[in-house]
Amino acid sequence: MVLTGEMREPREVWESRALSAGLSVKGGVTKKTALVIAADPDSLSGKADKARSYGIPIVSEDMFAGLLGELTGGRA
């Protein structure tokens, strides 16, 4: 997974939560990236644009928080 944009919570917090859920966090989007978490899912950032070109889902912080909750049984 990859993070992009100015999140409400510090990026380090999201990275820690993702790592605790067993996810790997990368700095850039590749064809192997499974998910991009964006401060603004409609972002025109380079990472978001590349994700769209590869067909990679882009979700909001809130959506990602919900997904983490499902992965960890509410422990995230």
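User: Why is R8 called exposed?

Analyst: R8 has 62% relative accessibility, and exposed means over 50% (buried is under 20%, partly exposed lies in between, all with a 1.4 Å probe and protein chains only), so R8 counts as exposed. Bear in mind that this is a predicted model, where local features need pLDDT of at least 70, side-chain atom pairs count only at pLDDT 80 or more, and totals for chains, interfaces and linings use all residues. Side-chain values use heavy atoms, without hydrogens and water, and residues are numbered from 1 along each chain as its sequence is written.

User: What makes R8 and D62 a salt bridge?

Analyst: The rule asks for a side-chain nitrogen of Lys or Arg within 4 Å of a carboxyl oxygen of Asp or Glu. R8 and D62 come to 2.5 Å, N to O, so they pass. The partners sit 54 residues apart, with R8 in the loop between β1 and α1 and D62 in helix α3. (Helices are DSSP runs of H or I with at least four residues, strands are E runs of at least two, and both are numbered from the N terminus.)

User: How do you know that E61 is buried?

Analyst: Its relative accessible area is 4%, so E61 falls in the buried class.

User: And why is D62 called exposed?

Analyst: D62 reaches 52%, so it lands in the exposed class.

User: What makes R17 and E9 a salt bridge?

Analyst: Their side chains meet at 3.1 Å, N to O. R17 is partly exposed at 25%, and E9 is partly exposed at 29%. Elsewhere, shared partners join R8, E61 and D62 into one network.
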